[in-house]
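Reader: I am new to this structure and would like a close look at a single part of the surface. Please start there and then go on to what else can be said.

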Amino acid sequence: MGFFDLFNEEEETQKEIRKEAREVDRTADTEFAQESAHLDLREEELDIDKYRVETGDVTLHKDIVEEEKAVNVPVSHDQVVIEQRAVDHEPTDEPITEEETIHIPVTAEKIDVDKHTVVTGEVSAHKRSVQETEQVRDVLHKEVAEIEEHGDTDIIREE
């Protein structure tokens, strides 16, 4: 046995120890069966719940405001126009009598103002549901199968 043979022997011993460790690691996480084996794969999914919260309110009410309005209304009244003219002394058969009276009624329009209430419009309110989309982000974990091949293996992958 030479000087260099001592180093080769140590190197081979180290390889055997690593091979045994690798075999031990493989047996720790695998299920051994003669014909078949299986591995369950899991992943996380999001559980999203929606709920309603009160975000505000709307109140409808009426206020009374005063507004002064000026309206021009045409009105009429009677005027008595008296005209007197000179006549060229024409003869007449009528005698002079005591008194003669003519009565002329005079009228005028007066304004009587009253108020009444009318409906000029209406305000209505209703709620409607509006669909929007909000994006939710989170990190999900998932198990995936990794297949390691050691040595001479013949693997057929079926999905």
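Author: Ile 111 counts as exposed because its relative accessibility is 52%; exposed means over 50% relative accessible area, buried under 20%, and partly exposed in between, with a 1.4 Å probe and protein chains only. The model is a predicted one, in which local features need pLDDT of at least 70 and side-chain atom pairs count only at pLDDT 80 or more, while totals for chains, interfaces and linings use all residues. Residues are numbered from 1 along each chain as its sequence is written, and side-chain values use heavy atoms, with hydrogens and water left out.

Ile 111 is found in the segment after helix H1, which spans 3–29; helices (H or I, at least four residues) and strands (E, at least two) are DSSP runs numbered from the N terminus. Together with Val 71, Val 73, Val 75 and Val 113, Ile 111 makes a nonpolar surface patch of about 480 Å². Such a patch takes residues with over 30% relative accessible area and no salt bridge, joining nonpolar side chains (Val, Leu, Ile, Met, Phe, Trp, Tyr) within 5 Å and like charges within 9 Å. The areas come from the Shrake-Rupley method with a 1.4 Å probe, and for residues only the protein chains shown count as cover.

His 89 is exposed, as its relative accessible area is 80%, and its phi is positive, about 25 degrees, although the residue is not a glycine. Lys 62 is likewise placed in the segment after H1, and its relative accessible area of 81% makes it exposed.

Next comes charge pairing. Side chains of opposite charge can pair when their charged atoms come close. A salt bridge here is a side-chain nitrogen of Lys or Arg within 4 Å of a carboxyl oxygen of Asp or Glu, and the count by this rule is one. Glu 143 and Arg 42 form a salt bridge, their closest N and O atoms lying 3.7 Å apart. Both Glu 143 and Arg 42 lie in the segment after H1, so the pair ties together parts 101 residues apart in sequence. Glu 143 itself is partly exposed, because its relative accessibility is 34%.
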